[in-house]
Amino acid sequence: MTRRQQAKRREENEVEFSRIVAFSDGVFAIAITLLVLELHIPAGLSGDEIWHAIGDEWDKFLAFAISFAVIGRLWLVHHRFFGEVKAFDARLLGLNLLYL
């Protein structure tokens, strides 16, 4: 059998295909969530103190924004690609894991 014959057609295996996409979305969501762990603002600050604390951590907020934008862009590319996939096989699954 050739690789083409071993590929599963998306419309005939929608549940399995949806699991692949859901897993990928979960990996991106966890990556974005982990970004906020580096942001620390002490509790109990007043309005002006909060802005001052944020200003003191500007480099971490900038890193968060850049990382969020990069991960978000990677997710958009992944989303568009998988929107066009008509069939999938073990090779695509492996490449997807490598991408993630």
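Contact here means heavy atoms within 4.5 Å. Helices (H or I, at least four residues) are DSSP runs, numbered from the N terminus. The model is predicted: local features need pLDDT of at least 70, side-chain atom pairs count only at pLDDT 80 or more, and totals for chains, interfaces and linings use all residues. Residues are numbered from 1 along each chain as its sequence is written, and side-chain values use heavy atoms, with hydrogens and water left out.

**Helix packing**

Two packed helices are described by the angle between their axes and the distance between the axes. Axes are lines fitted to C-alpha atoms, for helices over the stretch in contact, and angles run from 0 to 180 degrees between N-to-C directions.

| Helix pair | Axis distance | Angle |
|---|---|---|
| Helix 3 (residues 47-56) and helix 4 | within 5 Å | roughly 70° |
| Helix 2 and helix 4 | 9 Å | about 175° |
| Helix 4 (residues 58-84) and helix 5 (residues 90-99) | within 12 Å | roughly 170° |

Helix 3 and helix 4 are therefore roughly perpendicular (65 to 115 degrees). Ile 54, Gly 55 and Asp 56 of helix 3 touch Trp 58, Asp 59 and Phe 61 of helix 4. These contact residues comprise 3 nonpolar, 1 polar and 2 charged. Ala, Val, Leu, Ile, Met, Phe, Trp, Tyr, Cys and Pro count as nonpolar, Asp, Glu, Lys and Arg as charged, and the others, Gly among them, as polar.

Helix 2 and helix 4 pack at about 175°, which makes them roughly antiparallel (over 145 degrees). On helix 2 the contact includes Phe 17, Ile 20, Val 21 and Phe 28, and on helix 4 it includes Phe 64, Phe 68, Ile 71 and Trp 75. By class, this contact has 13 nonpolar, 3 polar and 1 charged.

Helix 4 and helix 5 are likewise roughly antiparallel. Leu 74, Val 77, His 78, Phe 81 and Phe 82 of helix 4 meet Leu 92, Asn 96 and Tyr 99 of helix 5. The contact holds 6 nonpolar, 2 polar and no charged residues.

**Largest pocket**

A pocket is an open set of points on a 1 Å grid over the protein atoms alone, where a 1.4 Å probe fits, with protein on both sides within 12 Å along at least five of seven lines; lining residues have an atom within 4 Å of a point. The largest pocket holds about 150 Å³, a volume being the space filled by probe spheres set on the points. Its lining consists of Glu 16, Arg 19, Ile 20, Phe 23, Ser 24, Leu 93, Asn 96 and Leu 97. Helix 2 (14-35) and helix 5 each supply at least two of the lining residues, and the largest share, 5 residues, comes from helix 2. The lining divides into 4 nonpolar, 2 polar and 2 charged residues.

Terms used:
Parallel < 35°, antiparallel > 145°, perpendicular 65-115°, else oblique.
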